[in-house]
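Hello,

Here is the structure I said I would pass on. My notes on its aromatic side chains follow below it.

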Amino acid sequence: MLTLLIFSACKKDKTKSNADLLIGRWSVEKVVYRDYENGVEVDNDEYLNPPLNWEFRGDGTATVSFEGGDEPVKWVVDNNMLRLTRENSYQLDFKINTITRNKLEVIIETINSVSEGVMIRQTVEFALKR
């Protein structure tokens with residue numbers, strides 16, 4: 001019994017945090033823009049293998065490719081949220097749907113408003129691989 005207790009107490013935690021898993025270079029495999037009205041999807045545009053890359057460094061900085069090209073950002077992960085802060089202090093908050101050693105899926109809600117009694121919501125989903 002004592003031997004079991006000693007070995008279980010010395011067992012190292014091999015589970016990596018979301019921040020640890022994020023560090024490295026990622027290629028965007030797919031971007032999906034979705035439009036919703038009153039909670040119902042009304043449109044989506046899917047782009048496969050766009051020439052976009054995201055690279056996260058251990059010092060909290062990253063280079064992220066968006067439609068306008070590469071952009072330096074600061075990043076932080078809190079639970080299942082990834083916050084990117086642009087140079088102009090504008091923040092982008094992504095929900096992490098999936099993160100493994102080789103797969104990253106994040107989603108951001110870009111617009112949430114009401115127009116003529118219709119709740120309008122837009123999201124952008126990114127699927128990335130290492």
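Aromatic pairs and their surroundings

Phenylalanine 56 is buried, and tryptophan 75 is buried as well. Please keep in mind that this is a predicted model.

A search of the whole structure gave six aromatic pairs. In one of them, the ring centres of tryptophan 54 and phenylalanine 126 are 5.0 Å apart and the planes stand at 50 degrees, so this pair is tilted. Tryptophan 54 belongs to strand E3 (residues 53-56) and phenylalanine 126 to strand E9 (residues 118-129), so the pair ties together parts that are 72 residues apart in sequence. Tryptophan 54 and phenylalanine 126 are both buried.

Phenylalanine 56 and tryptophan 75 make an edge-to-face pair, with 5.6 Å from centre to centre and 85 degrees between the planes. Here phenylalanine 56 is in strand E3 and tryptophan 75 in strand E5 (residues 69-78), so parts 19 residues apart in sequence are tied together.

The residues of these two pairs also belong, with Phe94, to one aromatic cluster: Trp54, Phe56, Trp75, Phe94 and Phe126.

Beyond its neighbours within four places in sequence, valine 106 is in contact with Trp54, Phe94 and Phe126, among others including Ile96 and Val124. Its relative accessible area is 1%, so valine 106 counts as buried.

Regards

Note on methods:
Residues are numbered from 1 along each chain as its sequence is written. This is a predicted model: local features need pLDDT of at least 70, side-chain atom pairs count only at pLDDT 80 or more; totals for chains, interfaces and linings use all residues. Side-chain values use heavy atoms; hydrogens and water are left out. Rings of Phe, Tyr and Trp (its six-membered ring) pair if their centres lie within 6.5 Å; planes under 30 degrees apart count as stacked, over 60 as edge-to-face and the rest as tilted. Helices (H or I, at least four residues) and strands (E, at least two) are DSSP runs, numbered from the N terminus. Buried means under 20% relative accessible area, exposed over 50%, partly exposed in between (1.4 Å probe, protein chains only). Contact means heavy atoms within 4.5 Å.
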